[in-house]
Amino acid sequence: MTEIRLGTIGSGPIVHNILKNVARTEGIRLEAAYSRTAEKAQAIADKYGTKKIYTDMDAFLAAEEINFVYIATPNLLHYPQAKKALLAGKNVILEKPFTTKLEHARELVNIADEKGLILIDAVPTAFLPNLALLKEALPRIGKLKLVMGNYSQYSSRYDRFRSGETDNVFNPAFSGGSLMDINYYNVYLNTALFGKAQGAVYFPNIQRSIDTSGVIVLRYDGFVSQNTGAKDCRGENFFQIEGEDGYNYVPGGVSSLEEIRVVTKEGTEIIRTPHETDLWGWEVGAVAEHIGSGNFEPLSQGLQTMLAVIETIETARKAAGIHFPDDLT
């Protein structure tokens, strides 16, 4: 397989971030856009250079010209739409959070395996070039003791929420909330670096039955990790890993990993890989390269990390009293 011929489901900001990078990346192109309304599908098609739009899901998934489906819809729809696409024989790139339930995530992985299809967890953190460098720097700070992360980003939709409106991202009926969105990145980075947490406890700020911010504490063998995620306030974002012999500090936190400071008694080393593209550019470029070269191992490993993340978050949110419609099935 040398080229990704992409069909998109969704019309939100994340789709535009992805398609801007698709337009300048070799090995991947937009083939068709699906939306429930022709107006939204046509807007995507006109902006990113395709003439093919669909408002019927079955017809969209039957289109032979599409070999990959990218799904970026409200969280609750990820599982049923991805399952439908896989059963229709399409490879799937599924936006984070992959699903809201571990059971559903495992089912999608199993279907892809059984049908010989490619399934990709589209969390941008996994494709950042400095992720491997941060992991390589861990032994230099000795035995780990504490990890602290903050990712606070005042949502563009929070003003409407404050006025009484409820967008999907703040709607429990669509499995919204801060943990499933902004703090997901923190949990993902912890899991990618340290493996699955031995335990997790979530302390949310709840408004109208949804967490608009909160702190999740992850327990590992010998150390703990405290991670703040907020969509209702602003703060200084960072990620810090503290060991007996020093610490690693990431200014800006999980959203870029552009700079890593390794601080020990010998001094401070700054590891910096300037980003030539945005967060989604690394993702689109890496996916196109892996598919084009046939090197699927990093994508398969990403699914294993994803399963650990989903299990951790599902356990923590349920214990915190946050329940979604999927929990009843």
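# Sheets, pockets and a cavity in a predicted model

An open sheet of 6 strands has parallel pairing and the order β3-β2-β1-β4-β5-β6. Strands β3 (53-54) and β6 (119-122) stand at its edges with a single partner strand each, so one side of each has no neighbour in the sheet. The model is predicted: local features need pLDDT of at least 70 and side-chain atom pairs count only at pLDDT 80 or more, while totals for chains, interfaces and linings use all residues. Residues are numbered from 1 along each chain as its sequence is written, and side-chain values use heavy atoms, with hydrogens and water left out.

**Strands and pairing**

- Helices (H or I, at least four residues) and strands (E, at least two) are DSSP runs numbered from the N terminus, and two strands pair if DSSP finds at least two bridges between them.
- Strand β1 (residues 4-9) runs parallel to strand β4 (residues 68-71), and 4 bridges join them.
- Thr 8 stands opposite Tyr 70 in β4.
- Strand β13 (residues 259-264) is mostly covered, with 5 of its 6 residues buried (under 20% relative accessible area, with exposed over 50% and partly exposed in between; 1.4 Å probe, protein chains only).
- Strand β12 (residues 246-251) is joined to β13 by 4 bridges, and the two run antiparallel.
- On the other pairing, 6 bridges join β13 to strand β14 (residues 267-272), again antiparallel.
- Val 262 in β13 is the bridge partner of Asn 248, and Glu 269 in β14 is the bridge partner of Val 262.
- A hairpin through 2 residues joins β13 to β14.

**Largest pocket**

- Pockets and cavities are found on a 1 Å grid over the protein atoms alone: a cavity is a set of points where a 1.4 Å probe fits but cannot get out, a pocket is an open set with protein on both sides within 12 Å along at least five of seven lines, and lining residues have an atom within 4 Å of a point.
- Grid points are joined across faces, edges and corners, and a volume is the space filled by probe spheres set on the points.
- The largest pocket holds about 1200 Å³ of space.
- Its lining has 41 residues, of which Gly 12, Pro 13, Ile 14, Ala 72 and Arg 157 are the closest to its centre.
- Helices α1 (13-22), α4 (78-87), α8 (182-194) and α9 (279-293) each supply at least two residues of this lining, and α1 gives the largest share, 3 residues.
- By class, the lining of the largest pocket divides into 17 nonpolar, 16 polar and 8 charged residues (Ala, Val, Leu, Ile, Met, Phe, Trp, Tyr, Cys and Pro count as nonpolar, Asp, Glu, Lys and Arg as charged, and the others, Gly among them, as polar).

**Second largest pocket**

- The second largest pocket has a volume of about 390 Å³.
- Among its 23 lining residues, Ala 126, Leu 131, Tyr 188, Gln 301 and Thr 305 lie nearest its centre.
- At least two lining residues each come from β6, α6 (130-137), α8 and α10 (297-319), with the largest share, 7 residues, from α10.
- This lining has 15 nonpolar, 5 polar and 3 charged residues.

**Cavity**

- The count comes to 1 cavity of 30 Å³ or more, and the largest cavity has a volume of about 70 Å³.
- Leu 6, Ile 18, Val 22, Ile 28, Tyr 70, Ile 93, Glu 283, Val 284 and Val 287 line the largest cavity.
- Helices α1 and α9 are the elements that give two or more residues to this lining, and the largest share, 3 residues, comes from α9.
- The lining of the largest cavity has 8 nonpolar, no polar and 1 charged residues.
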